Amino acid sequence: YHAGDGVAAVAAGTEQIALEALDKIKVEYEPLPAVFDPLEAIKADAHKVHAPNSNIYATKVIKKGDVDQGFAAADHIFEGSFRTQMVEHAPMEPHAAIALWDANGRVTIHSTLGRITLGRADISRTLKLPLNRIRIVATIVGGNFGGKNEITQEPVLALLSKKTGRPVKGVYTRAEEFIATTTRHPIIMDYKTGVSNDGHILARKVRLVLDGGAYCSWSETTLGKACILAAGPYNIDNLLAEAYVVYTNKTMTGAMRGFGAPQVCFAYESHMDDIAAALGLDPLDIRLKNAFAEGSASPTGQILHSVVLKETLLQAARRFGWQDALP
């Protein structure tokens, strides 16, 4: 549960009447324990968001080489902690839909969903209807970025339409977009990196804690991509990446462009800048020393092809006029 959970729904002939009816609904809430910090939520004795289950929704671990050995061989060890916040997609057009039923008990929903096939399957599970009794008509999507991958009000509108026997339309307000739709996963990212005097990375250890909110959606996909990409586009022989996504009593998370990549990119590139500054190295030079090249292996062992990272960095440096890294 979280502040954006639906409590009551009203259908009316006009928007004004519907708003007046909502004002007349009085809800008595019983305060319940809650957890808002993902680091607290991960503890064994934390309040369970979905009792009695653990707050840990999913985990992923990537191991390569021997990090302890790599740290032992390093001339310097640097540690850093980075955090990203919850981000709302804020599409120009909010979530909107119209539901109506036909005489044969089939529901048609006109919706701004960006993924109507997925939405149809979710509505089927939610309303306990077979797929052949559900039709989703895609409207022009006024902004998605992942925020319209999932259903929101569609099942509620379908139930209101069923009860009233009339088409029912719903449009989220801007405030409702922020409290009742999915957001980007916030991540707490701890980095430990061992490097040689000349800036070559010998070992890296990463710990990610993703805040999934009250109902994790696309969280396992986001967790996997974040963990795989957490080391950055760098050749590192000794690596340990551990990632967790946990429940908290906050706005639910879901799909948002990049699925964990933007968050870890912010962390590992900030970490590289910190290392370069501490060693007195040019931040471009330290990247060129460690960057993937054609045939490099990813942390999961995938052999990479068509890799032009170094070439791209050098071309950007030349165009930008970067002072020192122009071989």
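Trp218 has a relative accessibility of 25% and is therefore classed as partly exposed, a class lying between buried (under 20% relative accessible area) and exposed (over 50%), computed with a 1.4 Å probe on protein chains only. The model is predicted, so that local features need pLDDT of at least 70 and side-chain atom pairs count only at pLDDT 80 or more, whereas totals for chains, interfaces and linings use all residues. Residues are numbered from 1 along each chain as its sequence is written, and side-chain values use heavy atoms, with hydrogens and water left out.

Trp218 is located in the loop between β10 and α7; helices (H or I, at least four residues) and strands (E, at least two) are DSSP runs numbered from the N terminus. Although Trp218 is not a glycine, its phi is positive, at about 60 degrees. A positive phi of about 50 degrees is found for Ala90, likewise not a glycine. Ala90 belongs to the loop between β3 (87-88) and β4 (96-101), and its relative accessibility of 37% places Ala90 among partly exposed residues. A cis peptide bond, with omega of about 0 degrees, links Ala51 to Pro52, and Pro52 lies in the loop between α2 (38-41) and β1. In general, most residues other than glycine have a negative phi, and most peptide bonds are trans.

Five strands form an open sheet in the order β1-β11-β10-β9-β2, with mixed pairing; two strands pair if DSSP finds at least two bridges between them. From one strand to the next, the twist averages 5 degrees. Within the sheet, strands β10 (residues 201-211) and β11 (residues 239-246) run parallel and are joined by eight bridges. Val206 has Ala241 of β11 as its bridge partner.

Two helices lie across strands of this sheet. Helix α7 (residues 219-229) lies across β1, β9 (187-195), β10 and β11, and runs at about 20 degrees to β1. Helix α8 (residues 261-279) lies across β2, β9 and β10, at about 35 degrees to β9. Axes are lines fitted to C-alpha atoms, for helices over the stretch in contact, and angles run from 0 to 180 degrees between N-to-C directions. Contact denotes heavy atoms within 4.5 Å.

Helix packing was examined for two pairs. Helix α9 (residues 283-290) packs with helix α10 (residues 309-320) at an angle of about 160 degrees, the axes being 10 Å apart. The two are therefore roughly antiparallel, as angles under 35 degrees count as roughly parallel, over 145 as roughly antiparallel, 65 to 115 as roughly perpendicular and the rest as oblique. The crossing of α9 with α10 is left-handed, meaning that the near helix is turned anticlockwise from the far one by less than a right angle, while clockwise gives a right-handed crossing. Leu284, Arg287 and Leu288 of α9 contact Lys310, Leu313, Leu314 and Ala317 of α10. This contact comprises five nonpolar, no polar and two charged residues, where Ala, Val, Leu, Ile, Met, Phe, Trp, Tyr, Cys and Pro count as nonpolar, Asp, Glu, Lys and Arg as charged, and the others, Gly among them, as polar.

Helices α4 (residues 116-127) and α5 (residues 154-164) have axes that come within 10 Å and cross at roughly 55 degrees; α4 and α5 are therefore oblique to each other. Their crossing is right-handed. Ile123, Thr126 and Leu127 of α4 meet Glu154, Pro155, Ala158 and Leu159 of α5, giving five nonpolar residues, one polar and one charged.
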